[in-house]
Amino acid sequence: GSLIPNKGQIDAIKATKILADEGYKVDLYICGKGTDENKLKNYVRVNGIKGIHFLGFVNNLNDLRKNIDISLLCSKNEALGRVTVESMYSHSLTIGTCSGETKYLLDGGRGLFYHFGDSNELAAKIIWAIENIDQVEMITDNQKNIYILEKESLYTINLP
């Protein structure tokens, strides 16, 4: 991914700080390179936030996704939604912004939403997920079937 303002990595970083301040032990893995990389790393350093891992460019996210519980899609407006579908395929809870294609892919109980720029809301969604494992499992099971409405046609993608 690209580390640029519209991708919302700062939301995830701020939410991680909120969680740490409330006593939750979490690790955040940020993949990609971009113009905001130094700004984001500096924010983490200045605020003393622990558990943030900048991985740079990652060729194969599937290996990383095998070891995570929640995928965050913090982009202001994800047009295509390929990363959303890949996250859903990994069977981790997907939390994304309620905009762009992400909104349609996660609708119908297939994920959780937050508003771009609202790290408090994102942190609250993560806390809810930590405290409601049974409901999270139902959501991740729902992620297996994705229905995409495009104009007047209905497309179904069944994930294994």
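Buried means under 20% relative accessible area, exposed means over 50%, and partly exposed lies in between, with a 1.4 Å probe and protein chains only. By that scale E86 is partly exposed, at 26% relative accessibility.

This is a predicted model, in which local features need pLDDT of at least 70 and side-chain atom pairs count only at pLDDT 80 or more, while totals for chains, interfaces and linings use all residues. Residues are numbered from 1 along each chain as its sequence is written, and side-chain values use heavy atoms, with hydrogens and water left out.

Helices (H or I, at least four residues) and strands (E, at least two) are DSSP runs, numbered from the N terminus. The structure holds eight salt bridges. A salt bridge here is a side-chain nitrogen of Lys or Arg within 4 Å of a carboxyl oxygen of Asp or Glu.

- Strand 3 covers residues 70–73. Its covered face carries S71 and L73, and its uncovered face carries I70 and L72.
- In a regular strand the side chains alternate between the two faces of the sheet.
- Strand 4 covers residues 93–97 and pairs with strand 3 in the parallel sense, over four bridges. Pairing requires at least two bridges found by DSSP between the two strands.
- I70 has L93 of strand 4 as its bridge partner.
- Strand 3, helix 4 (residues 82–89) and strand 4 form a right-handed β-α-β unit. Right-handed means that, with the strands pointing away from the viewer, the path from the first strand over the helix to the second runs clockwise.

**Loops on either side of helix 4**

- S75 sits in the loop between strand 3 and helix 4. S75 is buried, with a relative accessible area of 7%.
- Not counting residues up to four places away in sequence, S75 touches N6, K7, T97, S99 and F116. Contact means heavy atoms within 4.5 Å.
- S75 and G96 lie 21 residues apart in sequence, and their C-alpha atoms are 7.6 Å apart in space.
- H91 belongs to the loop between helix 4 and strand 4. H91 has a phi near 65°, a positive value in a residue other than glycine.
- H91 is partly exposed, with a relative accessible area of 38%.

- D11 lies in helix 1 (residues 9–21).
- D11 is buried yet has no salt bridge. K14 is the nearest side chain of opposite charge, 6.2 Å away. For charge, Lys and Arg count as positive and Asp and Glu as negative; His and the chain ends are not counted.
- The side chains of D11 and Y114 are joined by a polar contact of 2.7 Å. A polar contact is a pair of N or O atoms within 3.5 Å; within protein, one must be able to donate a hydrogen and the other to accept it, and residues adjacent in sequence count only if both atoms are side-chain atoms.
- Beyond its neighbours within four places in sequence, D11 is in contact with C74, Y114, F116, G117, D118, S119 and L122.

- Side chains of opposite charge can pair when their charged atoms come close.
- R65 and E86 meet in a salt bridge through their side chains (3.6 Å, N to O). This pair links distant parts of the chain: R65 is in helix 3 (residues 61–65) and E86 in helix 4, 21 residues apart.
- R65 is buried, at 7% relative accessibility.
- K41 and E37 form a salt bridge between their side chains (3.0 Å, N to O). The two are four residues apart in helix 2 (residues 37–46), so about one helical turn separates them.
- K41 is partly exposed at 35% relative accessibility, whereas E37 is buried, with a relative accessible area of 12%.
- K66 and D63 also meet in a side-chain salt bridge (3.6 Å, N to O). K66 is exposed, with a relative accessible area of 66%. D63 is partly exposed, at 43%.

**G56 in strand 2**

- G56 is placed in strand 2 (residues 52–56). G56 is buried, with a relative accessible area of 11%.
- Leaving aside neighbours within four places in sequence, G56 is in contact with I30, C31, G32 and K33.
- G56 and E37 are 19 residues apart along the chain, and 9.1 Å separates their C-alpha atoms.
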